[in-house]
Amino acid sequence: MKNLYLIFFILILIFCTGFSESVIDASISYQPNVEKLEMIFKSFMPIKSGVIYTKVPRGLIVSVDEDVFFYPHEARIKESSLYVLDTITLLLSKLPNYCVIENHTEEVGECGDYEENWELSIARAQNIAEYMSIAGNLPQEKVFSIGFGELMPFKDNVSSNTKGFDNRVDFVLIEYDVKR
């Protein structure tokens, strides 16, 4: 009986304080712009092949083949790929979205200066984030970096028929408020 009174009291409290209205308003005002983001990136990306767009609950993932940015076993960004990063940086500077740079790598054999794939992966993601912040004047709080190594393969998580995309850089455009 005590539980019934407690539940009744909580319901009265919720409706009297207006809490329910704020919850309803928040759910109505959230309208993701993932379709718009995908259209913008598709129209401005300088490379067309080796890019996959994936809509997920957290936003849009723009997956780019890792070979565009890096030589095998190296974390240094290829100079030939800087125009791609410059384009992505320019788009991000015009958008309100935060971006998580995720690197996924499955290097076979040695990883150069790194003992494990995840270490190489972290260094690669960090180098891209630093380039975008320093060279592209993108605020550091707008870009996060993380490396997964071989731990999140593309073919098992997204598509079983996408070959070779386990080595990729994901630019995850977050579609909700993020605090760093």
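Visitor: How much of the protein is made up of buried residues?
Guide: In this predicted model, buried residues account for 42% of the 180 residues in the protein.

Visitor: And what about the area it exposes, which atoms supply that?
Guide: The protein exposes about 11100 Å², and carbon and sulfur atoms supply 58% of that area.

Visitor: OK, how many helices and strands are there?
Guide: There are six helices and five strands in the protein, and, read from the N terminus on, these elements follow the order α-α-α-β-β-α-β-α-β-α-β.

Visitor: What share of the contacts join residues at least 24 apart?
Guide: If you take the contacts between residues at least 6 apart in sequence, 71% of them join residues at least 24 apart.

Visitor: Let's switch to charges. How many salt bridges does the count come to?
Guide: The count comes to six salt bridges, and one of them is formed by the side chains of Glu38 and Lys42, with a distance of 3.0 Å from N to O.

Visitor: Where do Glu38 and Lys42 lie?
Guide: Both are in helix H3, which covers residues 34-44, and they sit four residues apart, or about one turn of the helix.

Visitor: Is Glu38 buried or exposed?
Guide: Glu38 counts as buried, because its relative accessibility is 11% and the cut-off for buried is under 20%.

Visitor: Which residue does Arg58 meet in a salt bridge?
Guide: The side chain of Arg58 meets that of Glu102 in a salt bridge, at 3.1 Å from N to O. Arg58 lies in the loop between strand S1 (51-56) and strand S2 (59-65), while Glu102 belongs to strand S3 (residues 99-104), so this pair ties together parts that are 44 residues apart in sequence.

Visitor: And how covered are those two?
Guide: Arg58 is partly exposed, with a relative accessible area of 29%, whereas Glu102 is buried, with a value of 4%.

Visitor: What about Asp170, which residue does it pair with?
Guide: Asp170 and Arg168 meet through their side chains in a salt bridge of 3.2 Å, N to O, and both Asp170 and Arg168 are buried.

Visitor: Which residues form the negative surface patch?
Guide: The negative surface patch is formed by Glu106, Glu115, Glu116 and Glu150.

Visitor: Where is Glu115, and why does it count as exposed?
Guide: Glu115 lies in the loop between S3 and helix H5 (117-134). Glu115 counts as exposed because its relative accessibility is 71%, and the cut-off for exposed is over 50%.

Visitor: New topic: where is Phe44 found?
Guide: Phe44 is found in helix H3, the helix that also holds Glu38 and Lys42.

Visitor: Why does Phe44 count as exposed?
Guide: Phe44 has a relative accessibility of 52%, so Phe44 counts as exposed, given that exposed means over 50%.

Visitor: What is Phe44 in contact with?
Guide: Leaving aside the neighbours within four places in sequence, Phe44 is in contact with Thr87 and Leu91.

Visitor: How about Leu90, what separates it from Phe44?
Guide: The C-alpha atoms of Phe44 and Leu90 are separated by 10.0 Å, and the two residues are 46 residues apart along the chain.

Methods. Residues are numbered from 1 along each chain as its sequence is written. This is a predicted model: local features need pLDDT of at least 70, side-chain atom pairs count only at pLDDT 80 or more; totals for chains, interfaces and linings use all residues. Side-chain values use heavy atoms; hydrogens and water are left out. A salt bridge is a side-chain nitrogen of Lys or Arg within 4 Å of a carboxyl oxygen of Asp or Glu. Helices (H or I, at least four residues) and strands (E, at least two) are DSSP runs, numbered from the N terminus. Buried means under 20% relative accessible area, exposed over 50%, partly exposed in between (1.4 Å probe, protein chains only). Patches are made of residues with over 30% relative accessible area and no salt bridge: like charges are joined within 9 Å, nonpolar side chains (Val, Leu, Ile, Met, Phe, Trp, Tyr) within 5 Å. Accessible areas come from the Shrake-Rupley method with a 1.4 Å probe; for residues, only the protein chains shown count as cover. Lys and Arg count as positive and Asp and Glu as negative; His and the chain ends are not counted. The place of a charge is taken as NZ of Lys, CZ of Arg, CG of Asp or CD of Glu. Contact means heavy atoms within 4.5 Å.
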